[in-house]
Amino acid sequence: MRHRVAGRKLGRVTSHRIALLRNLATALFERERIRTTLMKAKELRPFAERLITLAKRDGDRLHARRMARREIHDATVLKKLFETLGARFSGRAGGYTRILRLGSRDSDGAEMAIVELIGSEYKPKTKDEKGKKKGSADKEKAPAEGETSRAAK
């Protein structure tokens, strides 16, 4: 019987499972949207939301940063978590992540999902944005005075 047993083991020993969640959380905060299996996504959600709640703290920021540093080992991601993501979710009481189901994977049939932070939704480019090119890459440079192009020779 599984009475009062919380969490999923994900077929891993404890240390491997903790490392997996840390790596998934780091990738989520870095990219704001990741694709993984549904069970991993469901385990990641409370882990990541707890870290975002730490990033929102105002009173003891140093202690909160040190607690988050235990889980997030990348300094740039930790900085983004406390400066950008903490500020983004400061007015929100919870529910910082969203899980979107994708269906089953072809190779082994595992259910796949996308985990994303609220506010980082996919915005497809409109027709106007697709046709525009950045910079002056499409303009040809005219040869300067005294120079001749290879085609003219």
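**A tour of the salt bridges**

Begin by selecting Arg 105, which has a relative accessible area of 31% and is therefore partly exposed. The model on screen is a predicted one. Side chains of opposite charge can pair when their charged atoms come close.

How many salt bridges does a search of the whole structure find? The search finds nine. The next stops show some of them.

Select Arg 22 and Glu 71. Their side chains meet in a salt bridge, at 2.9 Å from N to O. Colour the helices to see where this pair sits: Arg 22 lies in helix α1, residues 14-31, while Glu 71 lies in helix α3, residues 61-71. The two residues are 49 residues apart, so the pair links distant parts of the chain. Is Arg 22 buried or partly exposed? Arg 22 is partly exposed, because its relative accessible area of 25% falls between the 20% and 50% limits.

Move on to Arg 57 and Asp 60. The side chains of these residues meet in a salt bridge, at 3.6 Å from N to O. Show the surface here and look at each partner. Asp 60 is partly exposed, with a relative accessible area of 36%. Arg 57 also counts as partly exposed, at 31% relative accessibility.

For the last stop, select Glu 32, Lys 80 and Arg 88 together. What links these three residues? Glu 32, Lys 80 and Arg 88 are joined in a network of salt bridges.

Terms used: Residues numbered from 1 in each chain as written. Predicted model: local features only at pLDDT ≥ 70, side-chain atom pairs only at ≥ 80, totals over all residues. Heavy atoms only, no water. Salt bridge = Lys/Arg side-chain N within 4 Å of Asp/Glu carboxyl O. Helix = DSSP H or I, 4+ residues; strand = E, 2+ residues; numbered from the N terminus. Buried < 20%, exposed > 50% of the residue type's maximum accessible area, 1.4 Å probe, protein only.
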